[in-house]
Amino acid sequence: MSVVAGVIAVQGDVSEHADAIKRAGDAKGESVEVREIRESGIVPDCDLLAMPGGESTTISRLVHSEGIADEIRGHVEAGKPLFATCAGLIVASSDAGDERVETLDLIDVTVERNAFGRQKDSFEAPLEVTGLADDEPFPAVFIRAPVIDDVGNAEVLASWDENPVAVRDGPVVGTSFHPELTPDGRVHELAFFENDGADVPTLE
Amino acid sequence: MTEKTDLEELRRGTDLIKRGFARMQKGGVIMDVVNPEQARIAEEAGAVAVMSLEAVPADIRKRGGVARMADPADVEEIVNEVSIPVMGKSRIGHTKEAQILETVGVDMIDESEVLTPADNDYHIDKRDFTAPFVCGARNLGEALRRIGEGAAMIRTKGEAGTGDVNQAVYHQRTIKGEIRKIEGMTHEEREAFAREIEAPAELVHETAEMGRLPVVNFAAGGIATPADAALMMHHECDGIFVGSGIFGAENPPEMAEAIVEATNNWDDPETLTEISKNLGKSMKGDANVDLPEDEQMQGRGV
């Protein structure tokens, strides 16, 4: 039986996440079917969910207007894994400190949008991330990235310059950076197949 | 957990970061705006970015004369107004306008045929910039030359300021058709084709292997309605630029929101129908079949 992975596809780097999930599935010997979600009715069939990078104002607007927001909440309440990157993390957070983004409160962190600056300040750097399959630093790509400035019950998995940039809260993993932009699948493996706080029904 | 970071190994302005920024725009609508009020309307409607310029292409056409980069103070005001990325247009080959835009802090520079070209032979060497660039193209040769110069995003040229989607469709079909053609070619045929279209051979091979352009490919030039945006998504564009189509319409906020929703629902005719109802008048436009060649912008910068 194959695992059904959904990528919230209203806007952002959707195909990059779809490819990264397939690579992570291959590495774990799991067969994964990926669905792109631009309307309601598909999330309930998914074992795993990814919220991609993009523009958080656009994504939050469309997940609400398309009726996907409550379905994503239901997915997380059922303990199924969600991996949110950059704009996805902002939308998944409890508070983005900005009325232009209606957050989903799926992960107990507050974030600050574009805290690393504009595109000219975007950067890539090797980053140590707790819980990966090995100790090699992860090639992290930060694009107009948010920082996590208040960590409630979430566990910090990585920090950059003393700011948390990767967190886990139960079934939800969020990163300020974009693991989907590099061929390294370890963070997707961690979020979807190695997260003890999450439950993937078809894997049991 | 670890606090260890190695600031020495931090890198900016790499191809991965420039192309990555463009990827974050996918599935979105980038709207032309000429002042902070319009930028705010675009952001509230769900635009993924705004393109800041002095006048929309339809007005540039009407006005005539030399079209240049916008006043950097005006661009700065827009940068300060919205939280979404702000892009700015430089003239083709005008390295100094591009440097000024980069200094102001725009997130992407459009080296655009909508402005009067500054250089008849050469485009900007975009590899030297930290800011990513988007460039227009009518065919695969133009697209791959621009990527070879460092463009992180390609958009169809279409025919800007006309409100007629015809040329955007033609340019997108041309690029996709050429990609399908090289997919079926042998290595040596691709080499010969690269010489024929005057494109870097390694990019022809890369495109053929990927079955698409190696960078994000948006639609631009004449998109005026939600259905136009959906049509360009149907033609496998990664996202949409709308120029005069929003603020040239009767109800800009409604039109902006409808085009954002249509870009997400391009393959759902029923939703598209609802989105398209009661939007008021679209921009009047000018059928570009009637435009004499010297009034066309698409021939600039090949």
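Here is a friendly set of questions and answers about a predicted model with chains A and B.

Reader: Let's start with the overall build. How many helices and strands does chain B have?
Author: Happy to begin there. Along its principal axes, the C-alpha trace of chain B spans about 55 × 50 × 50 Å, and buried residues account for 59% of its 302 residues. As for secondary structure, chain B has 13 helices and 9 strands.

Reader: What is the radius of gyration of chain B, and what does the globule rule give for 302 residues?
Author: Chain B, with its 13 helices and 9 strands, is as compact as a globular protein of that length, because its radius of gyration is close to the value from the globule rule. The rule gives 19 Å for 302 residues, and the radius of gyration of chain B is 19 Å.

Reader: And chain A: which share of its residues counts as buried?
Author: Chain A has 5 helices and 12 strands. Its radius of gyration is 15 Å, close to the 17 Å of the globule rule for 204 residues, so chain A is as compact as a globular protein of that length. Its C-alpha atoms fill a box of roughly 45 × 40 × 30 Å along the principal axes. Of its 204 residues, the share that counts as buried is 65%.

Reader: Now to charges. Which helix gives the largest share of the negative patch?
Author: That patch lies on the surface, where Glu37(B), Glu54(B), Asp71(B), Asp74(B), Glu76(B) and Glu77(B) gather. One of these residues, Glu77(B), has its place in helix H4 of chain B. The largest share of the patch is 3 residues, and these come from helix H4 (residues 72–81) of chain B.

Reader: Why does Glu77(B) count as partly exposed?
Author: Partly exposed covers the range between the buried limit of under 20% and the exposed limit of over 50% relative accessible area. Glu77(B) falls in that range because its relative accessibility is 45%.

Reader: Are Glu113(B) and Arg155(B) buried or exposed?
Author: These two form a salt bridge, with the closest N and O atoms 3.0 Å apart. Glu113(B) is in the loop between strand S5 (108–112) and strand S6 (133–137) of chain B and Arg155(B) is in strand S7 (residues 153–156), so the pair ties together parts that are 42 residues apart in sequence. Relative accessible area is 3% for Glu113(B) and 3% for Arg155(B). As the limit is under 20%, both residues are buried.

Reader: What about the backbone: where is Arg144(A) found?
Author: Most residues other than glycine have a negative phi. Phi of Arg144(A), however, is a positive value near 40 degrees. At 6% relative accessibility this residue counts as buried, and Arg144(A) is found in the loop between strand S8 (138–142) and strand S9 (147–151) of chain A.

Reader: And what is the phi of Asp161(A)?
Author: Asp161(A) has its place in the loop between strand S10 (155–160) and strand S11 (163–169) of chain A. With a relative accessible area of 41%, Asp161(A) is partly exposed. Although Asp161(A) is not a glycine, its phi is positive, at about 55 degrees.

Note on methods. Residues numbered from 1 in each chain as written. Chains lettered and ligands numbered in written order. Predicted model: local features only at pLDDT ≥ 70, side-chain atom pairs only at ≥ 80, totals over all residues. Heavy atoms only, no water. Patch = residues over 30% accessible without salt bridge, like charges linked within 9 Å, V, L, I, M, F, W, Y side chains within 5 Å. Areas by Shrake-Rupley, 256 points an atom, 1.4 Å probe, with all protein chains shown as cover. Salt bridge = Lys/Arg side-chain N within 4 Å of Asp/Glu carboxyl O. Lys, Arg positive; Asp, Glu negative; His and termini not counted. Charge placed at Lys NZ, Arg CZ, Asp CG, Glu CD. Helix = DSSP H or I, 4+ residues; strand = E, 2+ residues; numbered from the N terminus. Buried < 20%, exposed > 50% of the residue type's maximum accessible area, 1.4 Å probe, protein only. Rg over C-alpha atoms; globule rule 2.2 N^0.38 Å.
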